[in-house]
Amino acid sequence: MTGRLHVIGTGPGNPDQMTPEALRAVEASTEFFGYFPYIDRLNLRPDQIKVASDNREELNRAEAALARATAGVNVCVVSGGDPGVFAMAAAVCEAIDAGPEEWKSVDLVVVPGVTAMLAVAARIGAPLGHDFCAISLSDNLKPWEIIEKRLRMVAKAGLVIALYNPISKARPWQLGKAFEILRAVLPAQTPVIFGRAAGRADERMLVMPLGEAEAERADMATCVVIGSPETRIIARPDLPDLVYTPRFLKAPSR
């Protein structure tokens with residue numbers, strides 16, 4: 001008999017943003033596999049075991065967790081944000097797809113969570129109020145040429161764009177290049193939101209027009225949201241601006 005394998009997200013970082021269902025999964029699990037900063041967000045009991053690993057070891061982590069679940073252990077794989085958005089749920093499914101037959105019998109439960117773009121959007125208003133997409137700027141798992149193509153296509157389609165993994169020490173140029181691509185399609189006044197550490201003590205929200213957006217404003221704790229041509233800014237006296245995308249769009253003129 002196999003154990004159960006939960007895949008959970010801790011949310012953007014504020015403990016209040018972790019769902020009750022995820023907390024129940026933590027309570028019911030014995031061994032925890034994940035990137036060590038994410039596991040460290042959990043308040044584990046002395047009898048619960050941490051198996052922490054580096055951020056680029058997703059598939060090895062998934063395989064180790066599946067092996068323990070196959071052995072009858074109740075296992076929890078821990079992601080930040082939502083486990084299904086650029087996170088561990090896909091790695092676990094990939095491992096099951098390519099792994100031994102017995103892994104297909106593991107009782108897998110993916111618990112939905114709060115992803116970074118939702119936390120940033122809630123802090124700033126409603127920029128995701130109409131059609132939107134999410135793109136990771138990391139080219140560790142896909143060629144940069146594909147990222148460029150997708151950026152052009154979704155900008156031309158008029159979608160709001162949430163950019164994950166916007167910049168790092170190993171990839172310092174990609175966000176600046178993404179802004180160049182988007183400036184060729186979108187109006188210069190299109191709002192760009194730099195949402196860093198939404199909900200945490202070091203949270204920082206910044207809104208600036210695409211024509212002036214600087215890649216240096218972001219780090220790996222930042223989710224960058226680029227509005228559509230319809231996205232609006234509401235200035236409020238003595239309060240932060242609100243950014244929203246209207247729910248109603250006009251049909252294009254023929």
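Buried here means under 20% relative accessible area, exposed means over 50%, and partly exposed lies in between (1.4 Å probe, protein chains only).

The model is predicted: local features need pLDDT of at least 70, side-chain atom pairs count only at pLDDT 80 or more, and totals for chains, interfaces and linings use all residues. Residues are numbered from 1 along each chain as its sequence is written, and side-chain values use heavy atoms, with hydrogens and water left out.

1. Strand β11. Helices (H or I, at least four residues) and strands (E, at least two) are DSSP runs, numbered from the N terminus. In β11 (residues 222–226), 5 of the 5 residues are buried, so the strand is largely enclosed by the rest of the structure. Thr222, Val224 and Ile226 are buried on one side of β11, and Cys223 and Val225 are buried on the other, so that both faces are covered. In general, side chains in a regular strand alternate between the two faces of the sheet.

2. Partners of β11. Two strands pair if DSSP finds at least two bridges between them. Strand β8 (residues 160–164) pairs with β11 in the antiparallel sense over 3 bridges, and alanine 162 stands opposite valine 225 of β11. Strand β9 (residues 191–196) also runs antiparallel to β11, joined to it by 5 bridges. Here isoleucine 193 stands opposite valine 225.

3. The sheet β6-β13-β12. In that order, 3 strands form an open sheet with mixed pairing. β6 (125–126) and β12 (232–236) stand at the edges with a single partner strand each, so one side of each is left without a neighbour in the sheet. β12 and β13 (residues 239–244) are antiparallel and pair over 4 bridges; isoleucine 233 has valine 243 in β13 as its bridge partner.

4. Aspartate 238 lies in the loop between β12 and β13. Its relative accessibility is 82%, and aspartate 238 therefore counts as exposed. Phi of aspartate 238 is near 65°, a positive value in a residue other than glycine. Most residues other than glycine have a negative phi. Aspartate 241 is found in strand β13 and is partly exposed, with a relative accessible area of 37%. Contact means heavy atoms within 4.5 Å. Leaving aside neighbours within four places in sequence, aspartate 241 is in contact with Ile124, Ile233, Ile234, Ala235 and Arg236. The C-alpha atoms of aspartate 241 and valine 207 are separated by 8.5 Å, and these residues are 34 apart along the chain.

5. Helix α4. The buried residues of α4 (residues 88–98) are Met88, Ala89, Ala91, Val92, Ala95 and Ile96. Seen down the helix axis, they fall within an arc of 165°, so they line one face of α4; the arc is that of the directions from the helix axis to the C-beta atoms. An α-helix has 3.6 residues a turn, so residues three or four places apart point the same way. The buried residues of α4 pack against β1 (4–9), α3 (58–70), β4 (75–79) and β5 (107–110). On the other side of α4, Asp97 and Ala98 are exposed.

6. Loop residues. Asparagine 165 is found in the loop between β8 and α7 (174–183). Asparagine 165 has a positive phi of about 50° although it is not a glycine, and at 26% relative accessibility it counts as partly exposed. Serine 228, in the loop between β11 and β12, counts as buried at 2% relative accessibility. Not counting residues up to four places away in sequence, serine 228 touches Gly158, Leu159, Val160, Thr190 and Thr245. Valine 185 lies in the loop between α7 and β9 and is partly exposed, with a relative accessible area of 32%. With residues up to four places away in sequence not counted, valine 185 touches Ala155 and Lys156.

7. The second largest pocket. A pocket is an open set of points on a 1 Å grid over the protein atoms alone, where a 1.4 Å probe fits, with protein on both sides within 12 Å along at least five of seven lines; lining residues have an atom within 4 Å of a point. The second largest pocket has a volume of about 190 Å³, a volume being the space filled by probe spheres set on the points, which are joined across faces, edges and corners. Thr10, Gly13, Asn14, Pro15, Met18, Leu23, Val26, Arg41, Leu42 and Asn43 line this pocket.
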